[in-house]
Amino acid sequence: MDFHKLSAKEIADGVISRKWSAAEVLTALLGRIKKYDGKIKAIVTLCEEKAYCDARKIDEMVSNGLDPGPLAGVPFLVKDNFCTDGIRTTCGSRMLYDWIPCYDATAVKNMKNAGAVLMGKTNMDEFAMGSTTESSVFGPTLNPRDITRVPGGSSGGSAAAVAAGYCPIALGSDTGGSVRQPSAFCGVQGMKPSYGQISRYGIVAYASSLDQVGAITRNIGDMALAMDVLAKPDENDTTCDAYERPSFSSASAAENLRGCRVGILSGFDKDSMDKPLIEAIDRAADFCRSAGAEVMEVELPVTMKYAVACYYMVALGDASSKLACYDGMRYGLHADGKNLAEMYKRSRNQGFGKEVRRRILVGTCVLTRGYYENYYVPATKVRQMIADEYAELFSRADALICPISPALPYKKGLVEEDPVRIYLGDAFSSTANLAGLPSISLNVGFTEEKLPTNVQLIGPRFGDHGLIALASVLEKYAGSPDIAELCCEGSC
Amino acid sequence: MERQVVIGLEIHLQLKTKSKLFCGCSTDYIGAVPNTNVCPVCLAVPGTLPILNDKAVELAIKIALGLHCDIHDNTRFHRKHYFYADLPKAYQITQYEHPIAVGGYLDIIADGRPKRVRLHHLHLEEDAGKLVHPTSDGRMTGAAYSLVDYNRGGMPLSEIVSEPDINSAAEAIAYITQIRQLARYLDVSDGEMESGSLRADVNVSLSNPDGSLGTRVEIKNVNSLKAIENALKYEIARQNRVLDEGGRLVQETRLWDDMAGVTRSMRSKEGVRDYRYYLEMDLAPISAKPDYVEKIRASLPEMPWNRRDRFIQQYGLSIEDSVQLTEQRETADYFEKCAAHGAPALKCANWMRMEVQRILHENGIDIKDFNVSAEQLGSLITKVEKKELSNTQAKDVLAAMNAENISLDEALKKCGACGGPVSGHALEEIVRKVFADEAEAVETIRSGKDKKGAKVKFLQGLVMKETRGSADASETASIIQSLLK
């Protein structure tokens, strides 16, 4: 049985109907990881023992006639900035290289409560700061679709893992595109729900007002299933909305788009985009028409002009604040010094990598008196204008289709040559975070060089269900992506 | 023209909640083993988020209403950043641009004069941990290392910031005392400076002869009312001296050294830190809707100053008595219950100020721990009024009731005061017995040698002793006189 090709739904159905056991599935997927990850390097920590223990519990429940939940026996992986009880959580940083949390993030707990089996932790850009998964202390992850290219980031390990068939669902965090852009690069489906849809409790913060948990899958059906499990109120996170969510799986059963108004973004610099990604937008628009939707061209002038600048002010200001707790005193890397100040300086200098230090410095600067008024305050005003512009758009349209990344997967090492180009890559994705909107990166096929092409779907705030319905219908036309063709270490 | 003293106070009140401001940890930290009242949230373990304690918001609104502040709906928290070992997140969650309450005032009486002190605002914030610098020889300085205890970290504080309306040390003390009184009346805080549940930062300057404001100095580390008074006196004198000598003051923070009785410069304005105040996005805005605020307002007890004025009007108490009896809510409650039990209010006030106060003081206890109920004291006073007991007997009975935690009836038996005062024939018998025992003294009086009446008083004392104080003094005197003839 090729367990790695199965969807989460198929695995769970088989476990519940006792066609196969959770332990069997786990063995198969762990075997695949061991076979291929020497090259891809998507995984930083495996927790085999705990995983087998959990899988056996699921099998026991099934044999006792109990229902383990909608993800019974489905192996999953989480980005290494999700706190996992008793399992090292590094954030890809030297700072937290040995840190073992004493609790599970709410998202992890919800997955486990639904019967899913945690296999391990995936690689990421250090503290989720990057778009290439190259700044991790564990070294870079490679793109399973083309190992000369990056998998995107910062949740590059999770996206690569799903593309490589390690598991049907992996979790990431998305602050400016960190779930969706790597999903696009690796040719899988990624969703950043509305801010407040999924609890952030236990996610090591990058920027409080932008961070959101998202799932990465190979099809929208599994995405909806994951959302049903993840999107719940949480008493440990007051920014997580308390409303009772209707079924996302039901939303994913939509057949057509009749009565749906879809805006197609125009008015941006198409010449600086990789051509296949422009064609992807056109294809998606055609699918919409075929499915009965009303399609119109729309523009977001303020958003497209200022999003990146605004995003970096807001995100880095917050990052400098949230990362201030790493002083080497209670957890994380500690370096000795003559006095407290020297201990702090040495610990932080040795613990944080170059990109993280750069972002903390910029963030500290924009919150400093004088700069705060001239940079940070205007950025928060622009942020409100972006939210307003989107709100106006969604009074006319039910969803927006636009690019997720302006470029196909980057070649390795580009971040060193041209960091600003990488920052500009957030132009489309970060807008959803700034406005708190749900957004899905949807694969719409592959280029001749077998590089994935994709579009971004954005919906109104808490319009996550409608967005899943749209993605589900479009996926029927585009087809859900297959697993990447891999070869094991040494043989290619 | 003399320079005017200008003082502004920032008072931190530790709010009496069961759990900390942003997590479920116990607030019962005094005497707890270091770092036991802690959890991932208050230790800033990565991934954790703060959850606002609604009770703390309610208590802050209570005290703000008591201070006539305007309560703002939809206020926010900010992060105040600085690196120090007592602050696990490296920022303190506090309120900055949008405090929960603004404006308001407090009417105080200092040196017999009434005065209104306006308030700038009141906000909520979390406390920091505590550093301990142990030395091998027990000295205060020169520790080789520091230890940190996070039990206090995250305790809920309400900071009350006054306008610079205070013009003397006496006014400052009156202001703090009255805030403390209010906090206790409303059961919002213990308000104890000794244990740190009330702390004050003092800002003092001397206005120039032309009326313009002088250079402001902040005094920290003033941990008792006495310290505040002394620090203010010292600082006012120091500033006057510097200015008299033609010098210039610098805007700075000075630490009060209680042992040496001086303030010392800690940091000057040049070193003022930029706290990079930043909106706390991990917390939703505080919602204090008008109907919620009105519900709290309706639940407030009578304010101490209103009660003080009412006692004067309703019971005819003197200002002095009224101030003393309303100082603590429990004392005032006790008084009113006692008076409601039929005893004359003035007598109740007298008994409470004298006898009850004495017993409490001698036993080092609070009115809450007094074993005699207000109703029983009322009955006791009524008995004295009806002349069923002498004053002296009643005092003994009261002391016994408290000491042995017994009822009025039991105490009356115990003190042999059941039968009421000794009088008439029985009293005459006792006088005769004393005369027989002290024949010499009787002879001295009869021979007219007791010019100053000392011997008569001596005999009277003996009779009182024999009757265990239950005899009426004037009846005793008249019997002695008649038998002497």
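Helices here are DSSP runs of H or I with at least four residues, strands are runs of E with at least two, and both are numbered from the N terminus. What we have is a predicted model, in which local features need pLDDT of at least 70, side-chain atom pairs count only at pLDDT 80 or more, and totals for chains, interfaces and linings use all residues. Residues are numbered from 1 along each chain as its sequence is written, with chains lettered from A and ligands numbered from 1 in the order in which they are written.

I will start with one helix. Helix α9 of chain A, residues 275-290, has 16 residues. From first C-alpha to last it reaches 23 Å, close to the 22 Å expected at 1.5 Å a residue, where the expected span is 1.5 Å times one less than the number of residues.

Next, burial: a residue is buried if 20 or more other C-beta atoms, placed from the backbone, lie within 10 Å of its own, exposed if 12 or fewer, and partly exposed in between. In α9(A) the buried residues are A:Leu277, A:Ala280, A:Ile281, A:Ala284, A:Phe287 and A:Cys288. They sit on the same side of α9(A) because they cover an arc of only 120 degrees around the axis, taken from the directions from the helix axis to the C-beta atoms. The face turned away carries the exposed A:Lys275, A:Asp282, A:Asp286 and A:Arg289.

After α9(A) comes A:Gly292, with a positive phi near 95 degrees.

Now the other chain. In chain A, 29 residues are in contact with 23 residues of chain B, contact meaning C-beta atoms, placed from the backbone, within 7 Å. On chain A's side, α10 (301-322) and α11 (340-351) each supply at least two residues.

Notes. Contact = placed C-beta atoms within 7 Å.
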